[in-house]
Amino acid sequence: MTIPGVPLFPVTVVGSWPRPSWLLEALRKRQAGQMTFEEFNRGADRAVVEALRYQEEAGVDIVSDGEQRRDNFYSFVVEKLEGVTLMTLAELMEHVKDTVAFDQVLRNLDAPAFAIKNPTVVDKVQPRMPLALDEYLFAREHTKKPIKVTLPGPYLLTRSMWVAGISEAAYPTLDSLAHDIVHILHDELIRLRDAGAAFVQFDEPVLTDVVFRPEVKERTFMCASMAASSGDPAVELASATQLINQVVDGVTGVHTGLHVCRGNWSRREDVLLTGSYAPLVEPMLGMHIDQLVLEFSIPRAGELSVFQPYARQREIGLGVANPRSDEVEPPDAIVARVDEALEYFDPGQVYLNPDCGFGTFAERILNTPDVATAKLRSIAQAAQTLRARY
Ligand SMILES: [Zn+2]
């Protein structure tokens, strides 16, 4: 299905926008219990409106609310669900068997243990309010553009929320938690569809960790997969596929996407994961979603030719700009990358976006709004050139 009102080669975002410093201060107060969620949201409203304006001025066709109300792309669920507590990685370290090894993992990866917070299950999970409907409804009032809403994928959410030594009393196994998570995400997808959201994107970046670092079975930092993995990528990917299909099956009338990247927590390219999408293409195509939102602007992500045997099977949200760099990718270079993608995708199947968000973790801003805007503007210029051609 296509999204009504969007041109060919729609320009969109992966989700997060850099949060202003005053919003970070409010977020810290909220997390310290010195501010209610309602008080925090009243301030965040302004940040959302600003994030929307930046995107509109840059020429983005499908906008997001910049995830301004979120601490990160999955931890925000603590505000919406009973039975979940926010814990920093530093706090979680007390529950890790091999504290020294976990600390070393965080240091090696340049992961800020005090700045990255994990939603940890401490009791039965019950919805207190819809996960993202409030965000969507506010953004809807402040832009005429179609809106993309991002949600954590069910595999990521289950693996991050279930922490050994803390979560067993409520959920003896990962599977028992996954069952509840799937229901919550399925209900949310329907709610967002009914409210008019154009695009719902599920974030599953941890899948790259599963295939590129299978030796890390205990706890990996990458997107806080806190639960032990089977260590078998095939088993993990089959589980991720099954879970997302349980979320989306039977829901029509809304564009769906899956975002998989190699991490976006540091500007140090050497600490982020490396590897092509090759081992992930088949599992991703087994997921009943419309679009794969993938990073392709950096050499670490491998080649587009991984789609050769699977040409034209799915839409692609083509990552054409690095959210972590100062240099703005020239429109010509973006057009050239799209030309390459058109060997494996039809023009109507290609959406253009940066590789990832510009502020995945609130406390780790990866770029300024000005550079982010310039990158989006360059993508929009490339889209104009492509539209004239096709
Ligand atoms: Zn990403």
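**A chat about a predicted protein chain**

Visitor: Hi! Where is the place of Ile 316?
Guide: Ile 316 sits in strand β7. Strands are DSSP runs of E with at least two residues, helices are runs of H or I with at least four, and both are numbered from the N terminus.

Visitor: Thanks! What kind of model are we looking at?
Guide: This is a predicted model, in which local features need pLDDT of at least 70 and side-chain atom pairs count only at pLDDT 80 or more, while totals for chains, interfaces and linings use all residues. Residues are numbered from 1 along each chain as its sequence is written, and side-chain values use heavy atoms, with hydrogens and water left out.

Visitor: Back to Ile 316, then. Buried or exposed?
Guide: Ile 316 is buried, and its relative accessible area is 0%. Buried means under 20% relative accessible area, exposed means over 50%, and partly exposed is in between, with a 1.4 Å probe and protein chains only.

Visitor: Which residues does Ile 316 touch?
Guide: Leaving out residues up to four places away in sequence, Ile 316 touches several residues, among them Leu 292, Leu 294, Phe 307, Phe 345 and Val 350. A contact here means heavy atoms within 4.5 Å.

Visitor: Let's zoom out. How many helices and strands are there in the protein chain?
Guide: The protein chain has 12 helices and 8 strands. Its radius of gyration is 19 Å, close to the 21 Å from the globule rule for 390 residues, so the chain is as compact as a globular protein of that length. That radius is taken over C-alpha atoms, and the globule rule is 2.2 Å times the number of residues to the power 0.38.

Visitor: And what box do the C-alpha atoms fill?
Guide: Along the principal axes, the C-alpha atoms fill a box of roughly 60 × 45 × 40 Å. Buried residues make up 62% of the 390 residues. Among contacts between residues at least 6 apart in sequence, 82% join residues at least 24 apart.

Visitor: New topic: metal! Which residues are the protein donors of the zinc ion?
Guide: His 259 (NE2), Cys 261 (SG) and Cys 356 (SG) are the protein donors, lying 2.1 to 2.2 Å from the zinc ion. Donors are N, O and S atoms within 2.8 Å of the metal (3.2 Å for Na, K and Ca), and water is not among the atoms, so sites may look incomplete.

Visitor: What spacing do those donors follow along the chain?
Guide: The spacing is H-x1-C-x94-C. The two cysteines link distant parts of the chain, 95 residues apart: Cys 261 is in the loop between β5 (255–260) and α10 (278–285), and Cys 356 is in the loop between β8 (350–353) and α12 (369–389). Cys 261 is buried at 2% relative accessible area, and Cys 356 counts as buried at 7%.

Visitor: One last thing. What is the phi of Phe 9?
Guide: Phe 9 has a positive phi of about 50°, although it is not a glycine. Most residues other than glycine have a negative phi. Phe 9 lies in the segment before α1 (21–31) and is buried at 1% relative accessible area.

Visitor: And what about the phi of Arg 312?
Guide: Arg 312 has a positive phi of about 65°, and it is not a glycine. Arg 312 lies in the loop between β6 (291–294) and β7 (315–319). With 36% relative accessibility, Arg 312 counts as partly exposed.
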